[in-house]
Amino acid sequence: KKILHKDKIARLSSDYLNEGRKQDTWEITHVEVEGEKLTAKVRMCSFYQSPTDSSGFHLTSLSTLEFLSQLFIIYGHVLAGLDEKNQEGWMMESSITCVRALRDPENISVEMEFETLKKVRNRLLGTATAKVYDDHGLFEARIKALLA
């Protein structure tokens with residue numbers, strides 16, 4: 001049995017998860033919706049530079065899930081013919097796999113395919129798969145969300 005106290009926990013913890021993630025900001029610069037498919041371009045406006053990653057920037061799963069959630073909300077509103085956000089999005093389930101690290105903060109591409117979308121008492125429940133990539137890296141994700 002090993003008991004860790006506050007000072008030991010701090011020395012073993014990720015600086016990124018404690019503070020660095022607050023430096024990560026992104027913007028969606030382009031979206032196209034066609035049927036069940038959405039494509040988008042995203043860029044990082046600012047990001048945390050890890051002292052332990054000698055290769056520089058790498059896209060994190062946290063930022064990826066954030067902008068995928070935003071795109072899910074946008075898609076639902078476009079599908080409903082709405083010009084403004086008027087419903088909340090609730091991520092019910094998500095999974096993400098990093099196949100290869102994304103290293104280009106300026107050129108992040110997204111392809112989402114909405115597999116199921118159904119109305120449940122004035123709410124939209126759906127699932128989508130997504131690929132997030134740059135010239136070298138790839139994330140694969142699956143999201144189940146509710147717009148209510």
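Me: How many disulfides does a search of the whole structure find?
Reply: This is a predicted model, and a disulfide would require a pair of cysteine sulfur atoms within 2.5 Å. C45 counts as partly exposed at 40% relative accessibility, and C98 likewise counts as partly exposed, at 45%. Searching the whole structure for disulfides gives a total of 0.

Me: In what order do the helices and strands of the protein chain run from the N terminus on?
Reply: The protein chain has 3 helices, together with 6 strands. Read from the N terminus on, the order of these elements is α-α-β-β-α-β-β-β-β.

Me: What share of the contacts in the protein chain with a separation of 6 or more comes from residues 24 or more positions apart?
Reply: The C-alpha atoms fill a box of roughly 50 × 40 × 25 Å along the principal axes, and 32% of the 148 residues count as buried. Among contacts with a separation of 6 or more, where contact means heavy atoms within 4.5 Å, the share from residues 24 or more positions apart is 62%.

Me: How far apart do the centres of the positive and negative side chains lie?
Reply: The accessible surface of the protein chain comes to about 9,700 Å², with 49% of that area belonging to carbon and sulfur atoms. The charged side chains comprise 20 positive and 22 negative ones, and the distance between the centres of these two sets is 11 Å.

Me: Which kind of aromatic pair do the rings of W26 and F67 form?
Reply: The structure holds 5 aromatic pairs, one of which joins W26 and F67, with ring centres 5.8 Å apart. This pair links distant parts of the chain, since W26 lies in strand β1 (residues 25-34) and F67 in helix α3 (residues 61-79), 41 residues apart. F67 counts as buried, at 0% relative accessibility. Planes over 60 degrees apart count as edge-to-face, and the planes of W26 and F67 stand at 75 degrees, so the pair is edge-to-face.

Me: Why does the pair of Y75 and F114 count as stacked?
Reply: Y75 in helix α3 and F114 in strand β4 (residues 108-119) are 39 residues apart, so that the pair links distant parts of the chain. Y75 is buried at a relative accessible area of 2%, and F114 counts as buried at 3%. The ring centres lie 3.7 Å apart, and the pair is stacked because the planes stand at 5 degrees, where the cut-off is under 30 degrees.

Me: Which residues do ring pairs link into a cluster?
Reply: The rings of Y75 and F114 form a stacked pair. Ring pairs also bring in a further aromatic residue, and the cluster consists of F72, Y75 and F114.

Key: Residues numbered from 1 in each chain as written. Predicted model: local features only at pLDDT ≥ 70, side-chain atom pairs only at ≥ 80, totals over all residues. Heavy atoms only, no water. Buried < 20%, exposed > 50% of the residue type's maximum accessible area, 1.4 Å probe, protein only. Helix = DSSP H or I, 4+ residues; strand = E, 2+ residues; numbered from the N terminus. Areas by Shrake-Rupley, 256 points an atom, 1.4 Å probe, with all protein chains shown as cover. Lys, Arg positive; Asp, Glu negative; His and termini not counted. Charge placed at Lys NZ, Arg CZ, Asp CG, Glu CD. Phe/Tyr/Trp six-rings, centres within 6.5 Å; stacked < 30°, edge-to-face > 60°.
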